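Please keep the sequence and the model at hand while going through the points.

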Amino acid sequence: MERLKKAGVHARGRVEYYLTTAEAWAAFETVVLDARSEVVAVFDGFDAAAPVQTTRALLAGATWGDLLAQALTRGVNLSLTFERTSLSEARIEALRKQIEAATKPGRRRGVLDLTALAHPAQGHRELASLAQVPVTHRLNFAVVDGKTMFLSRLGLSAAAVRDPRRDLAVIARGPVVAEASALMASFVDVTAGTAEPGPARRLLRTFSRPGRGMRRILGAQTIANEVESAHHMLIRRASRTIYIETQEFDSPALARHLALRAKSAPDLQLVLILPAHPAGAKRTPEAQCLHLLREAFGRRIFIGRAEGGVTNVSVFDNDMAIAGSADLSRRALGYDTHAAIYLRPSDGVEALHRRLSRHWLGDPAGEGDDQAAQPEGVAYWHAVAAGNREAGRSGPGVLLPQL
């Protein structure tokens, strides 16, 4: 194996992880370049002017628009759906013209299908006085040739490539891709209320649809909350360590379950990392959830605020994990359209956990990513974050204690 690596031959596993936006979209460039028949995708955000990064992609042109045009020229069909609140009809039409203009004439061409899509519950707010949360499709998700799945928290933008942000993108192959294809084919009908979601296995989904009857005035009705359900299942099993990075944590149900598990599993530790934000009100739903966790875990919890962004991932006992587009907010877990993947020990969860932790902690053991060292306990997290605060450190990758 070492001889193969030195020769530049790298065997790709069924699940690959990328921890920044630049890494994620560079990897997806290769997936698109390898496409033979079709790319089916739905994106919350997409900037065709974003620069490509890999040498192979640069042969097609400087931007993602050029890369998609080259795929069309090769005969690859492109079916791309965009969340309407992120890309308007006018911007999508401009994107269509840009791609078609870059496509070489006189060559075999694939079919280009670009669609702007709003969540159906957007059109069902009948009482303007109600403070309803807008419901959107938050997927950044693609299936290529029915063989490869790409799942990312963040959409494509020039800024995200040039100034990489914290992310956890997953490229997966194998049986889970069939589930991904089914999701791509059904989520429009499921969220419209004209179809029911199929069973979940590895791919976890959040679906809502327009409310019916009296629920219609309240907007969306949850019909699948598999990301939340999977968290509950793994919380019940955890006994040593739970590591969570999330954009937001205001789910009372998850907070209560974690608090109960803290009492029944006296050795369980919790590391919870949230984005840095200005000091605000102390009685927000998130603050109330964090207070409950502190009361339950005591010295066995570390809550940190991270500069430079966080991703959405939960790791349980260093061997099971959930990663995807959904954070642990009530809105993401119950209303917006999201997808996540359930990861097992054979998917390299232990190594993923080390990489996630070392982003904030560095490599205190000096052993490198190929060693089997476990992520540190909460006492070390507290020491690192306090040291950062005392030294006045700031910037991406700096972790500070929650005050």
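The model is a predicted one, in which local features need pLDDT of at least 70, side-chain atom pairs count only at pLDDT 80 or more, and totals for chains, interfaces and linings use all residues. Residues are numbered from 1 along each chain as its sequence is written, and side-chain values use heavy atoms, with hydrogens and water left out.

**Overall make-up**

- The protein has 13 helices and 16 strands; helices (H or I, at least four residues) and strands (E, at least two) are DSSP runs, numbered from the N terminus.
- Of its 403 residues, 52% count as buried, where buried means under 20% relative accessible area, exposed over 50% and partly exposed in between (1.4 Å probe, protein chains only).
- Among contacts between residues at least 6 apart in sequence, 70% join residues at least 24 apart; contact means heavy atoms within 4.5 Å.

**Helices α2 and α4**

- Two packed helices are described by the angle between their axes and the distance between the axes.
- The axes of α2 (residues 21-33) and α4 (residues 64-73) come within 10 Å and cross at roughly 20°; axes are lines fitted to C-alpha atoms, for helices over the stretch in contact, and angles run from 0 to 180 degrees between N-to-C directions.
- The crossing of α2 past α4 is left-handed, meaning that the near helix is turned anticlockwise from the far one by less than a right angle, whereas clockwise would be right-handed.
- On the α2 side, W25, F28, E29, V32 and L33 meet W64, L67, Q70 and A71 of α4.
- The residues of this contact divide into seven nonpolar, one polar and one charged; Ala, Val, Leu, Ile, Met, Phe, Trp, Tyr, Cys and Pro count as nonpolar, Asp, Glu, Lys and Arg as charged, and the others, Gly among them, as polar.

**The nine-stranded sheet**

- Nine strands form an open sheet of mixed pairing, in the order β9-β8-β15-β14-β13-β10-β11-β12-β16; two strands pair if DSSP finds at least two bridges between them.
- β9 (220-225) and β16 (399-401) stand at the edges with a single partner strand each, so one side of each has no neighbour in the sheet.
- Neighbouring strands of this sheet are turned by 20° against each other on average, direction ignored.
- Helix α13 (residues 378-391) lies across β10 (241-245), β11 (269-275), β12 (301-306) and β16, and runs at about 100° to β16.

**Strand β15**

- Six of the six residues of β15 (residues 338-343) are buried, so the strand is largely enclosed by the rest of the structure.
- In a regular strand the side chains alternate between the two faces of the sheet.
- From β15, H338, A340 and Y342 point one way, and A339, I341 and L343 the other way.
- β8 (residues 203-210) pairs with β15 in the antiparallel sense over four bridges, with L204 opposite A340.
- β14 (residues 320-324) also pairs with β15 in the antiparallel sense over four bridges; here A323 stands opposite I341 and G324 opposite A340.

**Loop residues with positive phi**

- Most residues other than glycine have a negative phi.
- D145, which is not a glycine, has a positive phi of about 60° and lies in the loop between β5 (140-144) and β6 (148-151).
- D317 has a positive phi near 50° and is found in the loop between β13 (313-316) and β14.
- D317 is buried, with a relative accessible area of 8%.
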